[in-house]
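I opened a notebook page for this structure. These entries keep to what I looked up, in the order I looked.

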Amino acid sequence: MSVVLIHDWLTGLRGGEKCLVPAARRYPDSTLYTLLHKRGSVPAEIERLHIRTSWLNALPGWPRYYRYLLPLMPGAVKWKFPKDTDLVLSFSHCVAKGVKPPPGVPHISYCFTPMRYAWHQRGQYFRDAGLKAKLRDSLLSRLRTWDKRTAANVTHFIAISETIRTRIRECYDRDSTVIYPPADTDFYTPAPVKSEEFYLVVSALAPYKRFDLAIEACKKLQRQLVVIGTGQDETKLKQAGGENVQFLGWQSDGIIRDHYRRCKAVLFPAEEDFGIVPVEAQACGAPVIAFGRGGATETITADTGVFFNEQSTDSMVSAMEQFEKMSFDPVLARQNAERFNTARYERELFAFIDDVRSNSTSTSATTASQS
């Protein structure tokens, strides 16, 4: 089978790239089309593919500003695929799902979310006012129109959670099948170490993640907080943090695992599409205190964590106080996380792909016989 893979951009190993790796292993001879590729930034399974980039990749110094290239991205995914292509498989949170496959070729889109900037979280990404805000809104409205129109290029949607299945229905008026992303439960495992008196945050420090709530809640309760991650809000969060907040920057998977194992609990104040951090934390036996909306509600149970209902400091403080009066069994956290293991993801994803190909082949054969 001749498979074409699509990914928005390759600049580091995050959740989206972890979803792509099994497909890269399954189809090692496939071509991977992507807007931008920073060589050496992703696992070897991906780097070994035939990677083709867009013209944006030729812009000097793009890693410093590529997110600002958003208005140009829809025009940069107009690739022409080989005529012998049997399947297009895109992994998309931005424009990758907008590619147009050859006539009659199935296009499966593993959708992390419809574009957040254009649909559900515009206000959390952009804080401009006045004329600049009007120009931005006009641009994002056109982008949303493009995004909805190109949903027709997808024959089958896969959603990463029920949360995203709902968004796909709202944005594109399309149904989808839920296949949860993989968590490396073989790597993220418990260890016989004593829990320590610090809370933990692990994430890119983006505005919509709302880690300002975690900092303010820990300051109010005078609790120790360790922050692992970097991002556009890093300077602002460091200024808000006090002596009880320790910023470690980005760390290796081994160090992250060690902190999962030793922390009092992981704090997760964002409304996420899925959220791999709570699953990794639970795989290590750690409980999670999370905002009670989005993907976290699908990965955390009453036995493995506590939810707070409003994205406010007071609501998070109340949840932390409730948590500290309770006890949690790390064995139950581990068992819950194992529902999202890599083998399950691969089994479900490739069974879906095989089913689509089988139906597509049957339809083509029927059409040929009728003609």
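**Entry 1: a residue on the outside.** The model is a predicted one. I began with Gln222, which comes out as exposed at 71% relative accessibility. I took its place from the chain: Gln222 is in the loop between α6 and β9 (224-228). I then looked up its backbone angle, and phi of Gln222 is near 55°, a positive value in a residue other than glycine. I noted the background for this: most residues other than glycine have a negative phi.

**Entry 2: another positive phi.** Arg210 is also a residue other than glycine with a positive phi, near 60°. I found Arg210 in the loop between β8 and α6 (211-221). Is Arg210 buried, exposed or partly exposed? At 21% relative accessibility, Arg210 counts as partly exposed. The cut-off matters here, because buried means under 20% relative accessible area.

**Entry 3: the whole chain.** I stepped back and looked up the elements: the chain has 13 helices and 13 strands. Its radius of gyration is 21 Å, close to the 21 Å that the globule rule gives for 371 residues, so the chain is as compact as a globular protein of that length. Along the principal axes, the C-alpha atoms fill a box of roughly 75 × 50 × 35 Å.

I also looked up burial, and buried residues make up 53% of the 371 residues. The chain exposes about 17,000 Å², and carbon and sulfur atoms supply 49% of that area. For contacts between residues at least 6 apart in sequence, I noted that 62% join residues at least 24 apart. On charges, I wrote down 48 positive and 41 negative, with mean positions 7 Å apart.

**Entry 4: aromatic rings.** How many aromatic pairs does the chain have? The count comes to 17 aromatic pairs. I looked up Tyr180 and Phe340, which form an edge-to-face pair, 5.3 Å centre to centre with 80° between the planes. This pair links distant parts of the chain, 160 residues apart. Tyr180 is in the loop between β7 (177-178) and β8 (198-202), while Phe340 is in the loop between α12 (330-337) and α13 (342-370). Phe340 is buried, with a relative accessible area of 1%.

I next looked up Phe291 and Phe308, a tilted pair at 5.8 Å centre to centre and 40° between the planes. Phe291 belongs to strand β12 (residues 288-291) and Phe308 to strand β13 (residues 305-308), 17 residues apart. Phe291 counts as buried at 4% relative accessibility, and Phe308 is buried with a relative accessible area of 2%. I also noted a cluster in which ring pairs link Phe91, Tyr110, Phe112 and Tyr345.

Entry 5: Which residues of helix α11 (residues 313-323) are buried? I listed Ser315, Met316, Val317, Ala319, Met320 and Phe323. A note on helices in general goes beside this list: an α-helix has 3.6 residues a turn, so residues three or four places apart point the same way. I then looked up what the buried residues of α11 pack against, and found β8, α6, β11 (265-268), β12 and β13. Strands β12 and β13 had already come up in my notes, as the places of Phe291 and Phe308.

Methods: Residues numbered from 1 in each chain as written. Predicted model: local features only at pLDDT ≥ 70, side-chain atom pairs only at ≥ 80, totals over all residues. Heavy atoms only, no water. Helix = DSSP H or I, 4+ residues; strand = E, 2+ residues; numbered from the N terminus. Rg over C-alpha atoms; globule rule 2.2 N^0.38 Å. Buried < 20%, exposed > 50% of the residue type's maximum accessible area, 1.4 Å probe, protein only. Contact = heavy atoms within 4.5 Å. Areas by Shrake-Rupley, 256 points an atom, 1.4 Å probe, with all protein chains shown as cover. Lys, Arg positive; Asp, Glu negative; His and termini not counted. Charge placed at Lys NZ, Arg CZ, Asp CG, Glu CD. Phe/Tyr/Trp six-rings, centres within 6.5 Å; stacked < 30°, edge-to-face > 60°.
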